[in-house]
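Here are my notes for you, written as numbered points. Keep the picture open while you read, and take the points in order.

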Amino acid sequence: MWCKPSRWMVSRSEDTGRKLPGFAGRHIGRCRACGEFARSSAALASRLRGERAAWLAGVPDFSLGFESDAGPAGTVGRAAAADKPASRRPRLGLRPLPVAAAVLVVAAAALVLFRSAPRAPAPTAQGRAAARAAIADLRSAPARLQGVLGEAESSLERERRVLEQSVTSAFEYLQTRLNIRIERKEAPKPL
Amino acid sequence: MAENDPIAEKTDEELAFEARSGSRRSFEELAIRYKRRLFVYLRPRLGSDEDAEDAVQDTFLKLFRNIGSYDPAYRFSTWLYTSANRLVIDSFRRGAAERAALASNRAADGPDPVATGESSGPGGSGLWDAARTLGESRFRVLWLRYGEDMTIEEIAAVLGRTRLAVRVLLHRARTGLAGKLGPAARRAARPQAETVRGAAGR
């Protein structure tokens, strides 16, 4: 009945260094199997520590690849390069002659483009004066706006007149052709 | 290792600190000290010598890249084993295809010769060989506890488990090992028997 808790207490004592509780100590003194367990547990730690070096000495040595001049970082690079499978993507078969021709064409196109669209020259004193005059002209626009609007109105009036003449001549043609008379309706009288 | 080599007398933490400052020689010394230890720790979990060697190499490469984040206030071994554990877990999570490949590799390599009793293990140590047959998780806690002298808290940190879980695993490992060793263990433990009995009686 006390075997399991007593053995657990033996293990706990091994791991934490705490004393065995009274019940466990008394049980171990009486129970032969638990006594054996306590003895083997106590021997186990020192035996495992003692045999560790001999056991490790039997492990076959292996290289980590760090001994090379390149060091671990270099090893990573080399290993990655060695393990990397060959790329399945077809390589671009660039031939020298077509490539040279293409480069020439591109260079010529660039030259033409740069010539046709030269950079704007740096502003000169004359340019600045012209710009100032243009700005002054823009500022005087409200004063000239009335005249501009009048011109636009007269143009509309001219358009209306042309349209009216066209309609009138169309009426006359239809009256003559169909032998009918179409009278112009008087405008409704205001109420 | 030459006896008059000052680097051989430095602690792991001192070497790691120097490696963090850019000393490749210190890092190499750490790799020499730990590669076999890490190998025996990872070998039961990975199933083949080749996989274990690859995992050791990957762990050190990872450490080399992240050596700047090492805090000398902590033990180097704890950091190393934690990194190794995470690396192995990541490799197991990589996908079904790789797991299948791993399983086929294992099948090709055959079962662990130590576990099947065909080999006496690396150094012919009966106790450590017996420990390897207990199962991977029990062997790991035994190795960290007695092979690396880690505390329960450190083992819990390495394995990502609670302290109680670690103590339960250790208890089961001890129970299993005591059962496997039988009379041989009793004979070896006899000189200490009276001491333990006396301590228990008090």
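1. Now look at helix α3 of chain A, residues 32-57. This helix has 26 residues and spans 37 Å from first C-alpha to last, close to the 38 Å expected at 1.5 Å a residue.

2. Before going on, know what you're looking at. This is a predicted model, where local features need pLDDT of at least 70 and side-chain atom pairs count only at pLDDT 80 or more, while totals for chains, interfaces and linings use all residues. Residues are numbered from 1 along each chain as its sequence is written, and chains are lettered from A and ligands numbered from 1 in the order in which they are written.

3. Back to that helix: α3(A) has a kink of about 35°, centred on A:Glu51. The bend at a residue is the angle between axes fitted to the seven residues ending there and the seven starting there.

4. (Buried means 20 or more other C-beta atoms within 10 Å of the residue's own, exposed means 12 or fewer, and partly exposed is in between; C-beta atoms are placed from the backbone.)

5. Who are its partners? Leaving out residues up to four places away in sequence, A:Phe37 touches A:Arg7, A:Val10 and B:Ala178. Two residues are in contact if their C-beta atoms, placed from the backbone, lie within 7 Å. A:Cys3 is 34 residues from A:Phe37 along the chain, and their C-alpha atoms are separated by 10.0 Å.

6. Zooming out, chain A has 7 helices and 0 strands, and chain B has 10 helices and 0 strands. Buried residues make up 15% of the 191 residues in chain A; in chain B, 37% of 202 residues count as buried. Among contacts between residues at least 6 apart in sequence, those joining residues at least 24 apart come to 33% in chain A and 57% in chain B.

7. Last, a word on confidence. pLDDT is the predictor's confidence in each residue, from 0 to 100. Chain A has a mean pLDDT of 74, with 68% of its residues at 70 or more. Over residues 68-93 of chain A, pLDDT stays under 50, and the model has 14 contacts beyond four places in sequence for that stretch.

Terms used. Helix = DSSP H or I, 4+ residues; strand = E, 2+ residues; numbered from the N terminus. Expected span 1.5 Å × (residues − 1).
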